[in-house]
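Me: I've got a model open and want to go through the packing with you. Can we take it piece by piece?

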Amino acid sequence: VAGVSTDTGHTSTSGDASWALNNDDAIIDWAWRALHISVEVGKEVVTQFYQQAANKSYYLGCSTGTYSSVRRAEVQMFPGDFDGVVVGSPANWLTHVQPWSLHVNLLVQPVNSSRWIPADTWENLIHNEVLRQCDGLDGVEDGILNDPTQCNFDPSSITCSAEDTNATDCLTSTQVETFTQVFSDYIETNDTFIFNGYYLGGELDYPNALVGDHVSSLALAYERFFVFNNTLWQDTQLDLAAIELGDRLDVGNANAIDTDISSFVSAPHNGKILHYVGLADQLISPGNSKLYHSSVQSFMDGNGLGDIDDSYRLFTVPGMKHWYEGFGANAFGGAMQASSGQPPLANDPEHNILQALVAWVENGTAPVQLTAAWYVDDDHNNGVGFTRPLCKFPLSIQYNGGNVNVSTSFSCV
């Protein structure tokens with residue numbers, strides 16, 4: 001077994017994109033070229049060292065850049081690089097996820113304005129009411145929404161009366177409007193769809209992300225250093241024209257929204273894709289993952305390319321934040337999970353998504369569901385708090401009865 005990684009052609013912190021300013025070569029390296037060349041070099045090193053070529057090649061990655069690279073470069077441009085890929089919480093529509101992030105920031109800011117909602121209000125008043133109304137829809141009240149899209153939340157019970165304009169235990173009409181927009185799709189001028197909204201159920205961490213007291217540094221940097229090449233550009237300048245400019249430029253060809261992945265999944269290559277997303281993702285709406293999967297399915301159906309289940313499966317993870325952590329079963333071998341203290345329960349296809357991919361590619365055994373663990377305080381040293389199945393989209397978890405801490409008490413329906 002051999003592995004290869006890359007810095008994608010630059011050195012920086014996660015929130016710093018200043019390296020991209022007027023640096024087209026560095027952007028192309030980051031978007032797709034560095035990964036592809038690293039794969040080629042890695043395979044050659046393996047061949048020379050072991051005196052034989054690698055039998056199979058796999059990719060595991062998550063979030064910004066990694067997903068765009070593997071989708072565009074390795075799935076679409078160079079489909080022979082990998083036999084299978086695992087991608088999580090993807091930022092595949094960069095020209096829209098970054099403006100959406102700024103849009104959500106602007107919905108609640110500035111701090112102490114009439115539309116501002118403090119962190120304590122999100123974490124207690126709003127989150128508690130969401131759970132009161134919707135936690136039991138899956139058959140058990142466990143603090144997790146297994147399918148947030150089934151929650152038809154009514155904010156009237158926490159809306160202030162006309163006499164309670166200074167109350168702290170309710171939302172003003174302006175705050176209710178803000179709340180509603182945060183959880184709605186971002187629609188721009190001329191009814192132009194931009195991006196899906198937040199999902200209900202993740203309110204405990206949303207204030208640490210896009211509805212907090214600061215602008216998303218990554219989203220602002222993307223617009224400044226990738227799109228406009230202008231360090232003075234401000235989030236308040238965001239409009240449909242700015243988004244359309246980003247779409248036209250598609251800097252570095254980093255968008256990975258092409259629905260035709262036939263060169264990767266069809267014969268003779270027959271590549272496989274496992275895709276997962278946390279339903280309490282605080283940085284990228286889970287709706288984006290569902291939208292892409294559904295778009296690929298529509299393309300395959302419309303062009304007689306077979307059943308999407310034969311090559312590409314999406315698994316949703318209730319209660320999981322971006323990549324890892326959260327309050328749902330979030331340990332199943334995804335990127336950064338083990339190194340963050342949340343390893344899979346076992347390195348087998350049932351518990352480890354990478355092993356499930358290997359079994360699919362090499363044995364033809366497609367994963368129907370996975371079993372994930374939640375460790376107490378997201379730390380395996382504290383022991384397992386509970387286990388849950390992870391369901392293949394569009395199925396969701398339903399409680400059947402029995403011990404609520406054991407995955408066998410649940411099914412995917």
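Me: What angle do α3 and α7 pack at?
Reply: About 155°, with the axes of α3 and helix α7 (residues 240–249) 9 Å apart. That makes α3 roughly antiparallel to α7. Angles under 35 degrees count as roughly parallel, over 145 as roughly antiparallel, 65 to 115 as roughly perpendicular and the rest as oblique. Axes are lines fitted to C-alpha atoms, for helices over the stretch in contact, and angles run from 0 to 180 degrees between N-to-C directions. Helices (H or I, at least four residues) and strands (E, at least two) are DSSP runs, numbered from the N terminus.

Me: Before I go on, what kind of model is this?
Reply: It is a predicted model: local features need pLDDT of at least 70, side-chain atom pairs count only at pLDDT 80 or more, and totals for chains, interfaces and linings use all residues. Residues are numbered from 1 along each chain as its sequence is written, and side-chain values use heavy atoms, with hydrogens and water left out.

Me: OK. Which residues make the contact between α3 and α7?
Reply: Thr95, His96 and Pro99 on α3, and Ile243, Gly246 and Asp247 on α7. Contact means heavy atoms within 4.5 Å. The crossing is right-handed. A crossing is right-handed if the near helix is turned clockwise from the far one by less than a right angle, left-handed if anticlockwise.

Me: And α3 with α6: at what angle do they cross?
Reply: Roughly 125°, and the axes of α3 (residues 94–108) and α6 (residues 217–228) come within 8 Å. The two helices are therefore oblique to each other. This crossing is left-handed. On α3 the contact uses Leu94, Thr95, Gln98, Pro99, Ser101 and Leu102; on α6 it uses Leu218, Ala219, Leu220, Tyr222 and Glu223.

Me: Switching to the sheet. What's the strand order?
Reply: β1-β2-β5-β6-β8-β7, 6 strands in an open sheet with mixed pairing. Two strands pair if DSSP finds at least two bridges between them. β1 and β7 stand at the edges with a single partner strand each, so one side of each has no neighbour in the sheet. On average, neighbouring strands are turned by 20° against each other, direction ignored.

Me: Which helix packs on the sheet, touching β5 and β6?
Reply: Helix α9 (residues 286–302). Its direction makes about 160° with that of β6.

Me: What does Asn288 touch?
Reply: Pro90, Asn92, Trp93, Phe195 and Asn196, leaving out residues up to four places away in sequence.

Me: Where is Asp377, and what's its phi?
Reply: Asp377 is in the loop between β7 and β8. Its phi is positive, about 60°, although Asp377 is not a glycine. At 61% relative accessibility, Asp377 counts as exposed.

Me: What about Trp323?
Reply: Trp323 also has a positive phi, about 75°, and is not a glycine. Trp323 lies in the loop between β6 and α10. With 22% relative accessibility, Trp323 counts as partly exposed.

Me: Now α10. Which of its residues are buried?
Reply: Ile353, Ala356, Leu357, Val358, Ala359, Trp360 and Val361, in a helix spanning residues 353–363. Their cover includes β1 (58–62), β2 (84–88), β5 (272–278), β6 (312–317) and β7 (369–375).

Me: And what happens at the two ends of α10?
Reply: At the start, a side-chain oxygen of Asn352 comes within 2.9 Å of the backbone nitrogen of Leu354. Just after the helix, Gly364 takes a positive phi of about 75°.

Me: Last one. What do β3 and β4 form?
Reply: A hairpin with 3 residues between the strands; Asn190 in the turn has a positive phi of about 60°. β3 (residues 186–188) and β4 (residues 192–195) pair antiparallel over 3 bridges. Tyr186 stands opposite Phe195 in β4.

Key: Buried means under 20% relative accessible area, exposed over 50%, partly exposed in between (1.4 Å probe, protein chains only). A polar contact is a pair of N or O atoms within 3.5 Å; within protein, one must be able to donate a hydrogen and the other to accept it, and residues adjacent in sequence count only if both atoms are side-chain atoms.
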